Amino acid sequence: MGIEPTWPAWKAGTLPLSYTRARGELRRGRGLLRSLEMIAPALALSIRERVSCHAMNALLLTGGRVLDPANRLDSPADLLLVDGKIAAVGDRAAGQAPAGAERMDVQGLVVCPGLIDLHVHLREPGQTAKETIATGTAAAARGGFTSILCMPNTSPAIDTAGTVALIHERASRLGLVNVFVAGAITKNIAGEELAAIGSLKRAGVVAITDDGHCVQNNELMRRALEYARMFDLPVLDHCQDYSLVTDGVMHEGYWSTVLGLRGWPSAGEEMIVARNILLAELTGAHVHCQHLSAAGSVALLREAKKRGVPISGEACPHHFTLTDAAVAGGEKFWAGDGKDLFGGGPDAPARPAWPAYDANFKMNPPLRSARDREAVLEGLADGTIEILCSDHAPHCAYEKEVEFDYAPFGITGLETELALSLMQLVHTRRLSLADAIAKYTVGPARLLRLDKGTLGVGKDADVTILDPDREWTFDRDETAGKSLNSPFYGWPLKGRAVATIVGGKKAWINQAETVEA
Ligand SMILES: [Zn+2]
């Protein structure tokens, strides 16, 4: 399966020499072949044919449950991947497999389109102590994701074509999965002046957002939407009204009062969701509301979608698993809002412990009340919220190991989001497995107009193989990402990616859990 970087190398953001050397040799080989073509064209042709035949990459996945929500397919079938594309699905796949195709027995596992996470902070350029393109995409592969969308709040911000090109170039060399880029709405994400949206589009961004920040000036947001519509780009918005939120650090409610922490009221999010609905109606541009956390936001979205407003929303597992009680510590959470999380009863797994004021429970928007958590789950169940994502936001340990007030917002999520989503949506029977997978495949692909998220013949061979019932524990030592700011270490999880295939090649495989034929 080729020469792959080692985990420590990924973590260090560098590649082992053997990898670079192999690439160099390949390049030198092509140069020699070109020279040979001039001297002995027939010989060069035969070498070229042999090389290309040898390089053909074919993989046959046999006996899995093929689940492709875009094509309404859910049945046991074989899947053939040839040269980076889906070549055949079903009975004819095995017959069409070229001689020498690699076979992989995936009986008992689910084979679905490669998962897409449209909300990831890769921190490169500028904050590579937290994460890099290499480590972030390694975490994505491990989580079952074949494509991610990186947010533009890097340093410098992704507000020019040059920065977009830099990320594309580095991702093509160092990325383990497909990296799509979101450009900024405003210059330097300062909310004052529009970025050059047309040139960002030409540079290849698939959306624009000021994520981490929110454009406060409604007139500026209106102009952004008009430009975005002209360039056929979706606008993703981090919904936060600064005048209402001010310096709030957790959800404003019972627990913020008990803990003596400044509150971030639900209305601080709902106000901007309402604003976005009005502006989407006014301009006809599509607005996508990021990481919805409040019951009022879900209600607004539901009502607007009924009226046909071009608006959508996403939800993150931490918002529909945890609540603000978690900031008061594990004991308080398990005694109250977390009571039913793993089912009661004597067989329930041991519940992880954490202290009050643990900054790994600090994110933006904040964990909200049990009522909000329920509303987000309902919004996912009834289709109001069509997209699941992580808001993977790595931070260094020293940044998080301070008073709750001073810690940065955000947690990592790429490696745990699939399990938490399956636990809260599928294992609780709120959603079918197909509907949950759709929110990680068709949903984001449709919003970003990506020709991905399906196993249709001829499409890119991005495939996730998963075991929805696999029980496992998220372990610090096995984290592929560079940062460790997750609240879910030590959690008993259920559901896991077993292999992640990007463009027909295995980007990650859990050796212990698959049998190779
Ligand atoms: Zn955000």
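Tutor: Two strands pair if DSSP finds at least two bridges between them, and strands (E, at least two residues) and helices (H or I, at least four) are DSSP runs numbered from the N terminus. This is a predicted model, in which local features need pLDDT of at least 70, side-chain atom pairs count only at pLDDT 80 or more, and totals for chains, interfaces and linings use all residues. Residues are numbered from 1 along each chain as its sequence is written, and side-chain values use heavy atoms, with hydrogens and water left out.

Student: Which residue in strand 10 is the bridge partner of I208?

Tutor: Strand 9 (residues 207–209) and strand 10 (residues 235–237) run parallel and are joined by 2 bridges. In strand 10, the partner of I208 is V235.

Student: What is the strand order of the open sheet?

Tutor: The sheet has 8 strands with parallel pairing. Strand 6 (115–120) and strand 15 (387–388) are its edge strands, each pairing on one side only. The order is 6-7-8-9-10-13-14-15.

Student: At what angle does helix 8 run to strand 10?

Tutor: Helix 8 (residues 218–230) lies across strand 9, strand 10 and strand 13 (287–289). Axes are lines fitted to C-alpha atoms, for helices over the stretch in contact (heavy atoms within 4.5 Å), and angles run from 0 to 180 degrees between N-to-C directions. The angle to strand 10 is about 145°.

Student: Is T283 buried or exposed?

Tutor: T283 is in helix 11 (residues 267–283) and touches R222, L225, E226 and R229, not counting residues up to four places away in sequence. Because its relative accessible area is 8%, and buried means under 20% (exposed over 50%, partly exposed in between; 1.4 Å probe, protein chains only), T283 is buried.
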